[in-house]
Amino acid sequence: MQMIPIQALRPDETEVARVLQICNACRYCEGFCAVFPAMTRRLEFPKADLHYLANLCHNCGACLHACQYAPPHEFGVNVPQAMARVRAQTYVDFAWPAPLGALYRRNGLTLALALAGGLALFLLLAIANQGSLRQLQPGGDFYRVFPHGFLVALFLPVFAFAVVALAIGVTRFWRNVTPGAVAGAAAAEAAHDALRLKYLDGGHGEGCNETDDRFTLARRRCHHLTFYGFLLCFAATCVATLYHYAFGWHAPYEATSLPKLLGITGGIVLLIGSAGLMYLNLRRHPAHGDTAQQPMDRGFIALLLLAAGSGLLLMLGRNTSALALLLALHLGVVLALFVTLPYGKFAHAVYRCAALLKWAVERRQPNTLGVDED
Amino acid sequence: MVDVLVIGGGNAALCAALAAREAGASVLLLEAAPRDWRGGNSPHTRNLRCMHDAPQDVLVDAYPEEEYWQDLLNVTGGRTDEKLARLVIRESSTCRMWMRKHGVRFQPSLSGALHTARTNAFFLGGGKALVNAYYRSAEGLGARVRYQAPVERIELQDGHFKAAFVGNERIEARACVLAAGGFESNRQWLREAWGRNDAGEWPADNFLIRGTRFNTGTLLRFMLDAGADPVGDPTQAHMVAIDARAPLYDGGICTRIDSVTLGVVINRAAERFYDEGEEFWPKRYAIWGRLIAQQPGQIAWSIIDAKAIGRFMPPVFPGAKAATHEELARQLGLDEARFGATLRRYNAACRVGTFDHTRLDDCATQDLQPAKSHWARPIDTPPFYGYALRPGVTFTYLGLRVDETAAVRFGDQPSANLFVAGEMMAGNVLGKGYTAGVGMSIGTAFGRIAGSNAAAVALKAQH
């Protein structure tokens, strides 16, 4: 027989368990999102379940504003805040390699150092490669500043490492929540819920809370712009890679080429989305989520904003003497973004998708409780 | 001068303010509580009992007027006013469109409350979400809201409203709606109403209040003293059995203990005192508050064993848990010998057939007083659990008599410009007993009536 060890809860986890015991006796918020229906399938909340539910929470704020037990009530129920704190714990606990989990703790510093390092690296390399930052490159040919092979040799391992580190982390998380077999329908549902940000719709389609108890779709829309803008940029890189290796068509490409169109569109969309998210984050109700994580949230949004902005500037200034400078800035930002991908806010995407998948699987399983009341 | 002054800040007050504003009147709403505690008891509500003749969005099947009326007649034992009750019932079939317009969203019955899928429309996010939506809508429409503005008295002239006083500030209005709640959080009034029992106890001293601490009945008392026609009995209230560890105020829904039908309930003498399996819990939970109020010390304990776990709504606080009857008695501070004897007698009397908590099953006791008519199974599977219970008052029924205009009456003459809604008049429809969601139906119906009538009077007075 396999023994399931009962792990002691840390204070942030104990708080979620305490809050959920109150919520489970109330259940008024069941219609807002998946967290509460998932909660009602349980009577107790061991560690793995707390981490699952914390990552299922999208921090929309609806349950805080609707809560009859929210502060100043003596029960002091603040689900989004309690969940946010455990989410941060999830990222640390499941980080690979484990010592790097500490990077989440001081994430503002982590991102700042990564950015400074990325910028310094490319600026110095640019100077080393061509003697100065101000030199016109005919046709905006940036491979004359940084050779293609060099960029591949640098970015490919960084990106691959990010993928591996996040995959290992989320695999450990997944094993802990013992989801059972994943059916195609469950996977499709989880993908749908993630790609549409279903649980930022408030359960009524009018969105989530930002500054007060009013509902708005602003965050959902800005997140969509950010995510899909990011994907377009990524698609631009993928198409360009295909052009380079499969067809031997080398950058720079025409303004009307597919990589350029994807990149420009993606950059603009990402810029608008991340600027919107930053604006909303700065105006968020202070009781939403965990203010200690603001450096992580805002740092990540700032990197996305900088990546998009510097990419667009580079595109505009490619035929000027600022090419090398703009290129170094852009590549420095992108390097910082990718280096910190597994140890920053981006982690929420993989853990949340895993939690959504777990929920899609779980809700297809029979409920073992036979609770009924008035 | 403002057209319509609304005194109170819960569902009925908000419905009145919205209706008056929609009718074109200027509106000032005075909420006694600070903003964080606004809404009276409404943040603790969750649904509206709705008449409907066919399936409607979140409601299944039909719940026709006649069935609703019979349910109300049944729970009140006839202490209701048929004309007003039917008015509320009919309003409940149409008011949800209006509620939606003002931002209220509905959802099907919550898990654990599926038996109300036909009769009750649940507010998405519960009553506080509804209250938030109404305040947003009221302010959006230009109604003014003041918090921490408790009205202590009003100025009347021959039954005519002149002004209200917040402290020494005199606020005039052309018409006024009183919707300031019952007196459930006025300890002294409850004490007087319930009096002293034969054992010399003041039972009401041991009551917990499930709702707001701001319903002190100040305005209700003022109106009664001013000669407004009363309705109802001050000891009648919605009263349920709740966890004895619940906070004194605002414990709300989560402090209920729903394990009663699955075990036995004993008093301080470790004796059973009522048939725990008489009926389904939803049909009986509202009588257990009064039953416990009549026990010594106004306390009782729900005792269950491991077989019951997972079959009732999880309680907000963990229960006492023990491996033996004796140990449980010790933990609960009860006489071990008597506790053991009561459980042995009960266990021996159980005639277990086919246990089924979803119907009135054939598990009953034999030759036991009082009997347990259904779901009687021996309490023999450790661990054993015990939850201390106290009476929890939701709201009181003593109020002001009205007719279908919601006007306050003096010597059976209606006031021309003073109206009343919500708990302050719910006793007209609900003289006794309770059925889930009917309080919100009354508040919504009469809130809107009072608001529209007040606006009509005020606008006429303007010209």
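This is a predicted model: local features need pLDDT of at least 70, side-chain atom pairs count only at pLDDT 80 or more; totals for chains, interfaces and linings use all residues.
Q: Zooming out, how many helices and strands does chain B have?
A: Chain B has eleven helices and 21 strands.

Q: What about its overall dimensions?
A: Along the principal axes, the C-alpha atoms of chain B fill a box of roughly 80 × 50 × 35 Å. The radius of gyration of chain B is 23 Å, which agrees with the value near 23 Å for a compact globule of 463 residues.

Q: How much of chain B is buried?
A: Buried residues make up 57% of the 463 residues. As for contacts in chain B between residues at least 6 apart in sequence, 75% join residues at least 24 apart.

Q: Let's go back to strands. What does β21 of chain B pair with?
A: Strand β21 (residues 413-420) pairs in the parallel sense with strand β9 (residues 169-178) of chain B, over three bridges. Strand β20 (residues 407-410) of chain B also pairs with β21(B), in the antiparallel sense and over three bridges.

Q: Which residues stand opposite each other there?
A: B:V177 stands opposite B:F419 in β21(B), and B:R409 stands opposite B:P414 in β21(B).

Q: What's in the hairpin of β20(B) and β21(B)?
A: There are two residues between the strands, and B:G411 takes a positive phi near 55 degrees.

Q: You mentioned B:V177. What does it touch?
A: Leaving out residues up to four places away in sequence, B:V177 touches B:V4, B:V6, B:I7, B:A16, B:F419, B:A421, B:A450, B:G451 and B:A454. B:V177 is also one of the residues with the most contacts inside the largest nonpolar core, along with B:V4, B:I7, B:A16 and B:A454.

Q: How many residues does that core have, and which helix gives the largest share?
A: The largest nonpolar core has 263 residues. Its largest share, 15 residues, comes from helix α12 (residues 323-339) of chain A.

Q: New topic: where is B:V316?
A: B:V316 lies in the loop between β14 (300-304) and β15 (320-322) of chain B.

Q: Buried or exposed?
A: B:V316 is buried, because 24 other C-beta atoms lie within 10 Å, and the cut-off for buried is 20 or more.

Q: What does B:V316 touch?
A: Not counting residues up to four places away in sequence, B:V316 touches A:Q21, A:I22, A:A25, B:D243, B:C254 and B:T255. B:A246 is 70 residues from B:V316 in sequence, with 8.9 Å between their C-alpha atoms.

Q: How many residues does each chain put into the contact between A and B?
A: Chain A gives 31 residues and chain B gives 36 residues. On the side of chain A that touches chain B, α1 (11-24) and α4 (62-65) of chain A are the elements that give two or more residues. α1(A) gives the most, with three residues.

Q: And how do the residues on that side of chain A divide?
A: They come to 13 nonpolar, ten polar and eight charged.

Terms used: Residues are numbered from 1 along each chain as its sequence is written. Chains are lettered from A and ligands numbered from 1 in the order in which they are written. Two residues are in contact if their C-beta atoms, placed from the backbone, lie within 7 Å. Helices (H or I, at least four residues) and strands (E, at least two) are DSSP runs, numbered from the N terminus. Ala, Val, Leu, Ile, Met, Phe, Trp, Tyr, Cys and Pro count as nonpolar, Asp, Glu, Lys and Arg as charged, and the others, Gly among them, as polar. The radius of gyration is taken over C-alpha atoms; the globule rule is 2.2 Å times the number of residues to the power 0.38. A residue is buried if 20 or more other C-beta atoms lie within 10 Å of its own, exposed if 12 or fewer, and partly exposed in between; C-beta atoms are placed from the backbone. Two strands pair if DSSP finds at least two bridges between them. A nonpolar core is a set of buried Ala, Val, Leu, Ile, Met, Phe, Trp, Tyr and Cys residues joined through C-beta atoms within 7 Å.
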